[in-house]
Amino acid sequence: MNIIKNIELDIPDDIGRDFLTKLMGGRLIPQMETMLEGKRGICIDALEPAAIYDKFDIDTIEGDLVYFKSGHIFNGPNISRILEGSEIAVIFIFTLGKKIDDLINGGRDSGDTLGTIIMDAITTSMLGTLGAHAGKIIKDNNLTQKNYGATCTYSPGQYKWTIEEQKEIHKMVDGSKIGVRLNESFLMIPFKSISGIYGFGPEDKINRTRVACDLCPRENCIGRR
């Protein structure tokens, strides 16, 4: 089990702008432009980014089922497809921390609707920055074997991998060690958290899907990369 806390993220000056622009249909009003800059600093001050991950040997893949030597099982047509050819999977949970949730909930409770939308856009983008940062650490630590390659990352709730699979993720990796838990709807608390997998195996055998979005037919999805 690997735990990383006190992560220092390189936050771009325009963090959240692209996501918010898509959310608003391609155009930001001047008030939003001004608020973006002010809310960015507030969100950065509330960051408590952390990550936890562990490595699991894959036993077999049969149809939609991925069997691990640990006894855990993943179920879904795309998770089995992505892990086909991989020999191990790294299971992870990343979070921006509880203070971010408190900040956004406080804005919502105070009636600051626009500010809440902007902070949500900023922190959604920050979660992507954390994912890229921690994902690089995971790949650097697991590409030490000759001729090994890494799959794209894939998370419960993405196309054809149900959110209920969070239960299995959290059995494999103890999110509570970084302050993350599941609620009754299988959503993670703090809300600005993400879980998922990377597969690792011989370069010539692993799945070569570039990003999980390539598996999904929803071309106009705001989260598409």
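This is a tour of a predicted model, one selection at a time.

**The whole chain**

Start with everything shown as a cartoon. The protein has six helices and nine strands. Its C-alpha atoms fill a box of roughly 55 × 35 × 35 Å, taken along the principal axes. For 225 residues, a compact globule would have a radius of gyration near 17 Å, and the 18 Å of the protein agrees with that. Of the 225 residues, 47% count as buried. Among contacts between residues at least 6 apart in sequence, 74% join residues at least 24 apart.

Select residues 2-4, which form strand E1, and pick out isoleucine 3 within it. Isoleucine 3 has 40% relative accessibility and therefore counts as partly exposed, the class between 20% and 50%. Which residues does isoleucine 3 touch, not counting residues up to four places away in sequence? Show Ala51, Ile52, Lys177 and Ile178 to see them.

Move on to asparagine 6, in the loop between E1 and helix H1 (17-23). Asparagine 6 is not a glycine, yet its phi is positive, at about 55°. Is asparagine 6 buried or exposed? Its relative accessibility is 75%, so asparagine 6 counts as exposed.

**Helices H2 and H5**

Two packed helices are described by the angle between their axes and the distance between the axes. Select H2 (residues 30-46) together with H5; H5 covers residues 113-142. The axes of H2 and H5 come within 9 Å and cross at roughly 60°. That angle makes H2 oblique to H5. The crossing of H2 and H5 is right-handed. To see the contact, show side chains for Gln31, Met32, Met35, Leu36, Lys39, Arg40, Cys43 and Ile44 of H2, and for Leu114, Gly115, Ile118, Met119, Ile122, Thr123 and Met126 of H5. By class, the residues of this contact are ten nonpolar, three polar and two charged.

**Helices H4 and H5**

How do H4 and H5 run, roughly parallel or roughly antiparallel to each other? Angles over 145 degrees count as roughly antiparallel, so H4 and H5 are roughly antiparallel. The crossing of H4 and H5 is left-handed. On the H4 side, select Ile100, Leu103, Ile104, Gly107 and Arg108; they meet Thr116, Met119, Asp120 and Thr123 in H5. This contact has four nonpolar, three polar and two charged residues.

**Threonine 129**

Stay on H5 and select threonine 129, which lies in this helix. With 18% relative accessibility, threonine 129 counts as buried, because the cut-off is under 20%. Leaving aside residues up to four places away in sequence, threonine 129 touches Leu9, Asp10, Ile11, Pro12 and Ile15.

**Two loops around E8**

Go to phenylalanine 186, in the loop between strand E7 (181-182) and E8. Phenylalanine 186 has a positive phi of about 70°, although it is not a glycine.

For the last stop, select isoleucine 189 and proline 190. The peptide bond joining isoleucine 189 and proline 190 is cis, with omega about 0°. Proline 190 sits in the loop between strand E8 (188-189) and strand E9 (193-202).

How values were computed: Residues are numbered from 1 along each chain as its sequence is written. This is a predicted model: local features need pLDDT of at least 70, side-chain atom pairs count only at pLDDT 80 or more; totals for chains, interfaces and linings use all residues. Side-chain values use heavy atoms; hydrogens and water are left out. Axes are lines fitted to C-alpha atoms, for helices over the stretch in contact, and angles run from 0 to 180 degrees between N-to-C directions. Helices (H or I, at least four residues) and strands (E, at least two) are DSSP runs, numbered from the N terminus. Angles under 35 degrees count as roughly parallel, over 145 as roughly antiparallel, 65 to 115 as roughly perpendicular and the rest as oblique. A crossing is left-handed if the near helix is turned anticlockwise from the far one by less than a right angle, and right-handed if clockwise. Contact means heavy atoms within 4.5 Å. Ala, Val, Leu, Ile, Met, Phe, Trp, Tyr, Cys and Pro count as nonpolar, Asp, Glu, Lys and Arg as charged, and the others, Gly among them, as polar. Buried means under 20% relative accessible area, exposed over 50%, partly exposed in between (1.4 Å probe, protein chains only). The radius of gyration is taken over C-alpha atoms; the globule rule is 2.2 Å times the number of residues to the power 0.38.
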